[in-house]
Structures are given as C-alpha cells and as structure tokens.
Amino acid sequence: MTINATERRTAVRERYARAATTGDGCCGPSDCGAPSNDPGDSGATATATTTTIADEISCAVGYDQDELSRVPEGANLGLGCGNPVALASLAPGETVLDLGSGAGFDCFLAAERVGPAGRVIGVDMTPEMVEKARANALSGGFANVEFRLGEIEALPVADASVDAVISNCVLNLSADRPRVLAETMRVLKPGGRVMISDLVSDRPIPDFVANSRESLVGCLPVGIAEYRADLTAAGFTAIGVDKRQRYPSEHILSDPRVQEVIRRDPARETEVHSFVESIHGGTIHAVKPAGTKEG
C-alpha cells in the first residue's frame, strides 16, 4: 500500500505534535538507542532525562555545549541531523528563514549571528511546535525572531526577502520536496544561499520501507543524486550534497511492516541492513543565481 501526500503530511504533523509535548521526535530516545524514560520517574526526572538525550544527540551531529547553553530551555528537542547554522556563514543584518523550525533551536542560534539588525523567521506546520517556539522566544528575549504557522511547500514569506535559508532534517519528510525547493528559490534574494542538514543515502530505499508509515515518520533519507537533481531543477547553482556522519537509523529494523516482509522473505533482510548502514547526516548547499529575475 502506497502512502499518499495527505497521509504523509498528517503522519508527520502528528509525530511532531508529540515531539513538541513529549520530546519524542523522529529519532526519539528509543529510536536512537539512548535510554528511554522510566514510566515510574517523576515529571521532573523525565524532563531532565529527555533534555539530556536531546543534548547528546545534538552534540553527536555537530553542536557544542556552548551552543546548547545559549538557547532557552526546551528549544533543543534533539531532532536535527547536523548544524546548518554553523555552516551558513551568517552575517550581521541578514534575514534568515528556517524551514521546519520546530521549537526554535536553530532560529535562536541564527539570531545571535545576524544580531539586532538582522531577522530570523521560522516556519513550521505543527501548531504545537509554533506555540512552543514562540514561548521559547519570549522567555529567551529573542526580539529579532518570529515564528509563522505554515507548510514549507507554500511558504508564508514574501518574494526575494531572505538572504539565507536553513533547515535541519525536515525536507526528507516533505511529500513534495521539489515544491519546497521552488518556494525556497522564490523567497531568496538573488545571490541568496541555502544551507540544509538532512538525511541522505547513496542506496535506494527498499519499497516496503518507503511505504511504511512508521518508517516514514522515523526519518527516511533522500538519495544524493535525487537531491542534486531537485536543486538543479529549481534553478540553483553551486550545488553541493555531501555525506557527513553516519546517522543511527536502527529503528527501521524494528518497524512492524519491515519485520513482516522479512519474515515472509528472509532474503530481504540483507537489503534492509545495507540500506540502514548507508544513512548519513548530509550537508546540502546551493546558491540562487545573482541575475535571477523575480515573478
């Protein structure tokens, strides 16, 4: 059974609503091999455990303790697969857009780099995430950051208004990534740039994994060649798609649908293991040509 775009969007929204309220995201504690919360723990202990796991995950994909200490408590949910802010060469006074901004973690780090004269806009389709991010901005005193409810396939952002677009482990979840990249091209100023952290692989996704709702919201990668082709089709230049650290994706192996297929056809187990081993956090960067006409 193939999952259609509406089902995919609904599944992702439901999962990230849970992430906003419980800390269980696409690669939550149980998915990443970190200890899960003891049901008997107090609320304070459970929150502290979730925060520690999120910090450990973030450090593993490229953040440092200093960055973690500079954002409001609860902004880091451990949902990233890289550190796009560190690689985006942000400058004071720039306007930055974060696609799928979650609880605001990368937005707050970007806000420090662009300074009071700059501006950061976060867009997320999950109301619970937007509410959490706005509360975090208020508690942290981030006056140059705003969060908008919307889908990254139809950005609530004006044409040619953004200097840089960042995103962290989000585009792989979209049901229409070419549309997201077209929208990214639209909102960028000529000469503007993209710096995306996302999951990538140089192996095809097995069909029974791609059509599993559970694996889908558990963060499946994008093919490296596919990412390059989509960026080229959108009109970007200076394109780079690079593998970085391997990303723990063993949760795919415990997906009930995957296990059922392997039970019926044991020969496919090797295919799944090979695919899981191929998943990496990747850095995707590109530039909107300076001579691009708008409209």
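**Strands, helices and cysteines**

A: Happy to! This is a predicted model, and in it strand β1 (residues 95-99) runs parallel to β2, with five bridges joining the two.

Q: Which residue stands opposite V123 of β2?

A: That's L99.

Q: And what kind of unit do β1, α5 and β2 make?

A: They make a right-handed β-α-β unit.

Q: Is β2 mostly covered or mostly open?

A: Mostly covered: strand β2 spans residues 119-124, and five of its six residues are buried.

Q: Let's look at α6. How many residues does it have, and how far does it reach?

A: Helix α6 covers residues 127-140, so to speak a run of 14 residues. From its first C-alpha to its last it reaches 20 Å, close to the 20 Å expected at 1.5 Å a residue.

Q: Which α6 residues are buried?

A: M129, V130, A133, N136 and A137. Those residues sit on the same side of α6, because they cover an arc of only 125° around the axis.

Q: What's exposed on the other side of α6?

A: There you'll find E131, L138 and S139, which are exposed.

Q: What happens just after α6?

A: G141 comes there, and takes a positive phi of about 70°.

Q: Switching to cysteines: how many disulfides are there?

A: Zero, from a search of the whole structure. C169, for one, is in no disulfide: its nearest cysteine sulfur belongs to C81 and is 3.3 Å away. The cut-off for a disulfide is 2.5 Å between the sulfur atoms.

Q: Is C169 buried or exposed?

A: Buried, because its relative accessibility is 1%, and buried means under 20%.

Q: Where is C107, then?

A: C107 is in helix α5, which takes in residues 105-114. With a relative accessibility of 0%, C107 counts as buried too.

Q: What does C107 touch?

A: Setting aside residues up to four places away in sequence, C107 touches D98, S101, V120, G122, V145 and F147.

Q: One more residue: where does T184 lie, and is it buried or exposed?

A: T184 lies in helix α7, residues 177-187. It counts as buried, because its relative accessibility is 1%.

Q: Last thing, the whole chain. How many helices and strands are there?

A: Twelve helices and eight strands. The chain has 295 residues, of which 52% count as buried.

Q: And what share of the contacts joins residues at least 24 apart?

A: That's 76%, taken among contacts between residues at least 6 apart in sequence.

Methods:
Residues numbered from 1 in each chain as written. Predicted model: local features only at pLDDT ≥ 70, side-chain atom pairs only at ≥ 80, totals over all residues. Heavy atoms only, no water. Buried < 20%, exposed > 50% of the residue type's maximum accessible area, 1.4 Å probe, protein only. Helix = DSSP H or I, 4+ residues; strand = E, 2+ residues; numbered from the N terminus. Expected span 1.5 Å × (residues − 1). Arc of directions from axis to C-beta. Contact = heavy atoms within 4.5 Å. Pairing = 2+ DSSP bridges. Right-handed = clockwise from strand over helix to strand, strands pointing away.
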